[in-house]
Amino acid sequence: MLNHKTAVITGASSGIGRAIASQLAAEGVHVFITGRSQEQLEDLKSQIEQSGGQATYSAFDLRDTGKLQGFIHQAREQTGHLDIMVNNAGLHIHGNIVDTKVDDWREMIDVNIVALLAGSQAAVHEMRLNEGSGPGHIINISSGNAYEPGRDFYSATKHMVNAIGQALTHELAKEPIQVTTILPGAVATNFGRNLEPETVVELARKLGMEVEFNQGDHLPEELIARIRGAMGQTFLSGDDIARAVVYALQQPQNVVVRELYLTAPNVYLGNDFSM
Ligand SMILES: NC(=O)c1ccc[n+]([C@@H]2O[C@H](COP(=O)([O-])OP(=O)(O)OC[C@H]3O[C@@H](n4cnc5c(N)ncnc54)[C@H](OP(=O)(O)O)[C@@H]3O)[C@@H](O)[C@H]2O)c1
């Protein structure tokens with residue numbers, strides 16, 4: 001059903017985006033992947049190609065929305081159509097509003113919200129050029145925290161992601177372009193990269209690992225695997241979320257998946273781990 005489609009996926013250099021790109025490529029989708037980490041993108045492209053799939057990558061900072069829009073245009077130009085846009089990239093800089101730096105708010109707004117808006121807008125423009133107005137699908141990765149917008153500033157940005165999905169649904173009601181918002185609970189990925197280094201070092205120690213960690217770095221793969229292994233009832237994997245994306249995309253034309261909220265059993269609204 002997804003064979004020969006074209007998708008753009010942001011934040012594909014790690015975590016949930018990487019898993020989405022791998023699963024879509026396995027379904028026969030030509031994936032156009034982006035993130036900042038060139039090495040990780042190159043590695044994902046090779047893995048996909050070794051499995052017989054197709055991937056094109058470009059490494060850039062999404063805060064340069066012109067580059068994002070250019071990449072989305074490239075995807076349609078190169079393959080003749082754009083069918084799927086996955087706005088996945090996002091970050092959580094932890095901290096209370098009264099203590100947070102202005103630049104940290106700005107980064108969360110620029111990546112979690114502005115890049116998602118710019119990606120959606122460019123995707124709609126390109127999807128409208130699909131031959132025979134073939135259908136398009138925008139997938140926005142929000143968070144369970146969107147249901148608790150008063151939790152912290154990150155949660156407020158994700159609440160806005162849900163609102164944008166609803167507004168786009170209204171705007172596109174008469175067009176063959178669907179919008180799906182996916183709300184993951186806690187997922188074992190690099191998402192904890194903006195935690196205080198001591199928190200990460202302490203967590204690793206509890207899981208039997210000594211790590212050196214600088215805030216913002218990717219977490220060691222081994223640590224992510226151990227978190228999943230030790231706390232599988234709390235943390236989902238990127239693959240769990242990717243399957244939800246494939247599910248939303250594989251519905252027949254008369255079924256629209258507007259919203260999906262997925263968590264591990266120990267995560268529920270109001271709990272410390274709802275993300
Ligand atoms: N993990 C969770 O518990 C969880 C829960 C709910 C929702 N989510 C959401 O899921 C999405 C993916 O997160 P994840 O868990 O997969 O985290 P992750 O492993 O840290 O991945 C984040 C991705 O976003 C990219 N990114 C971040 N800032 C960027 C920027 N300025 N320019 C370009 N790319 C940028 C990263 O690229 P580089 O690494 O190359 O910089 C990376 O590919 C996010 O929207 C997040 O809010 C995650």
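Across the interface of domain 1 and domain 2, one residue pair is found in polar contact, both residues at pLDDT 80 or more; a polar contact is a pair of N or O atoms within 3.5 Å, in which, within protein, one must be able to donate a hydrogen and the other to accept it, and residues adjacent in sequence count only if both atoms are side-chain atoms. By class, the side of domain 1 that touches domain 2 comprises four nonpolar, eight polar and two charged residues (Ala, Val, Leu, Ile, Met, Phe, Trp, Tyr, Cys and Pro count as nonpolar, Asp, Glu, Lys and Arg as charged, and the others, Gly among them, as polar). The model is predicted: local features need pLDDT of at least 70 and side-chain atom pairs count only at pLDDT 80 or more, whereas totals for chains, interfaces and linings use all residues. Residues are numbered from 1 along each chain as its sequence is written, and side-chain values use heavy atoms, with hydrogens and water left out.

Domain 1 covers 6–187 + 236–262 and domain 2 covers 191–232, with bounds from an automatic or database domain assignment. Their C-alpha centres lie 25 Å apart. In total, 14 residues of domain 1 are in contact with six residues of domain 2 (heavy atoms within 4.5 Å). No salt bridges are found across this interface, a salt bridge being a side-chain nitrogen of Lys or Arg within 4 Å of a carboxyl oxygen of Asp or Glu.

By this rule the count of salt bridges comes to 12. One of them joins the side chains of E175 and R128, at 2.7 Å from N to O. This pair links distant parts of the chain, 47 residues apart: E175 lies in the loop between α5 (153–171) and β6 (177–184), and R128 in the loop between α4 and β5. Helices (H or I, at least four residues) and strands (E, at least two) are DSSP runs, numbered from the N terminus. Within helix α8 (residues 238–249), D240 and R243 are three residues apart, about one turn of the helix, and form a salt bridge with the closest N and O atoms 2.6 Å apart. D240 counts as buried at 18% relative accessibility, whereas R243 is partly exposed at 48% (buried means under 20% relative accessible area, exposed over 50%, partly exposed in between; 1.4 Å probe, protein chains only).

N130 lies in the loop between α4 (102–127) and β5 (136–141). Its side chain reaches the backbone oxygen of L82 at 2.7 Å, and N130 is buried, with a relative accessible area of 4%.
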